[in-house]
Amino acid sequence: MNLSQNSEVILEVRNVSFGYDERDIISNINLELRDNELISLLGVSGSGKSTLFNIIAGLLKPDVGNVIYRGEDITGKSGLISYSFQKDLLLPYMTIEENVALPLFIKKQKKSNALVKANEMLKEFKLDAYAKKYPKELSGGMRQRIALIRTYLFSKDVSLLDEPFSALDAITKDEMHDWYMNMRRKYNTSTIFITHDVDEAILLSDRIYILGDGGIKAEIKIETSVRDNSFKLTKEFLEYKKSVIDCLESTGI
Ligand code: ADP
Ligand code: MG
């Protein structure tokens, strides 16, 4: 079931092109994200996924095109859309509760209020036992959960996640997928997710945009009634996988 199908478009990338010096990296990119939807950008390394994120987050300005957020042109404006990087980037000298509260500190909320909010979130995700610990005392999977909660607190509206699970081993990754799908069921998050992992893209996404040769090669809608790890064992999943792989192989990179 996809609740987002008829919902409002909240973010649009319109006709975006960008190059470094003389070299085109991405050209003519168009995509849209609807409320409560998770879309993936899937493509091989170097296909321009992170570049596109930097443009959406306003950290890079496109040569051509616009980024529209809730009807407003935000091209080149940073600070409106949150961005979580490949690495979890928890600050080693801060406790977990302080790390989670960090975006609220940055937004100049009172420290005591920010910590109360952070602790509520930790409790909700049954991670409150770690509140006073430091990142190095936690496993990679736990640190990643903390980082995702923090991204959520920073912007409840749109999250950009750049390969958040790519450094995890296969078993931890499965657990994280379960955990993350639960989190999405509970909270309305609209997310753009970067990955080069085909299974992960099919499992998590409502729609997948396949990037290659500097552009969007295809858009694949994933429709399933099972949004958990058992989806991976179905015939439908394998069919999706075949069409995604065919499309990736047809890109010339
Ligand atoms: P992806 O995230 O899909 O792996 P990137 O967006 O990071 O790809 O990079 C796309 C291309 O842009 C790569 O060929 C990369 O070498 C190039 N690139 C990235 N950053 C810079 C930069 N600061 N200067 C020049 N080229 C860059
Ligand atoms: Mg990248």
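These legends describe close-up views of a predicted model.

**View 1. The largest nonpolar core.**
The largest nonpolar core in this predicted model has 48 residues. Within this core, I202 and V244 have the most contacts. Helix α4, residues 140-154, supplies the largest share, with six residues. Two domains give residues to the core: domain 1 (1-74 + 157-164 + 180-253) and domain 2 (82-154). The core therefore lies between the two domains.

**View 2. Around V244.**
Which residues does V244 contact, leaving aside neighbours within four places in sequence? The list is L42, V198, I202, I208, I210 and I220.

**View 3. An open sheet of four strands.**
Four strands line up in the order β2-β1-β4-β5. The sheet is open, and the pairing is antiparallel. Which strands form the edges? They are β2 (23-34) and β5 (72-73), and each pairs on one side only. Strand β4 covers residues 64-69 and pairs with β5 over two bridges. Here the sense is antiparallel. Look for I68, which stands opposite D73 in β5.

**View 4. A helix on the sheet.**
Helix α1, residues 49-56, packs on the sheet. Which strands does α1 touch? They are β1 (9-20), β2 and β4. The direction of α1 makes about 120° with that of β1.

**View 5. The salt bridge between E8 and R70.**
The whole structure holds 17 salt bridges. In one of them, the side chains of E8 and R70 meet, at 3.8 Å from N to O. Why does this pair tie together separate parts of the chain? E8 lies in the segment before β1, while R70 lies in the loop between β4 and β5, so the parts they join are 62 residues apart in sequence. E8 is partly exposed, with a relative accessible area of 48%. R70 is also partly exposed, at 39%.

E120 and K117 form a salt bridge. Their closest N and O atoms are 3.9 Å apart. Both residues sit in helix α3, residues 111-124. Because they are three residues apart in this helix, about one helical turn separates them. E120 has 43% relative accessibility and counts as partly exposed. K117 is partly exposed too, with a relative accessible area of 29%.

**View 6. The salt bridge between D197 and K173.**
D197 forms a salt bridge with K173, and the closest N and O atoms are 2.7 Å apart. The pair links distant parts of the chain, 24 residues apart. D197 is in the loop between β8 (190-195) and α6 (198-204). K173 is in helix α5, residues 170-186. K173 has 15% relative accessibility, so K173 counts as buried. The cut-off is simple: buried means under 20%.

**View 7. A salt-bridge network.**
Which residues join into one network through salt bridges that share partners? They are E8, R70 and D157. Return to E8 and R70 for the pair described above, with its distance of 3.8 Å, N to O.

Definitions and conventions
Residues numbered from 1 in each chain as written. Chains lettered and ligands numbered in written order. Predicted model: local features only at pLDDT ≥ 70, side-chain atom pairs only at ≥ 80, totals over all residues. Heavy atoms only, no water. Core = buried A, V, L, I, M, F, W, Y, C linked by side-chain atoms within 4.5 Å. Buried < 20%, exposed > 50% of the residue type's maximum accessible area, 1.4 Å probe, protein only. Domains from an automatic or database assignment. Contact = heavy atoms within 4.5 Å. Pairing = 2+ DSSP bridges. Axes fitted to C-alpha atoms, helices over the stretch in contact; angles between N-to-C directions. Salt bridge = Lys/Arg side-chain N within 4 Å of Asp/Glu carboxyl O.
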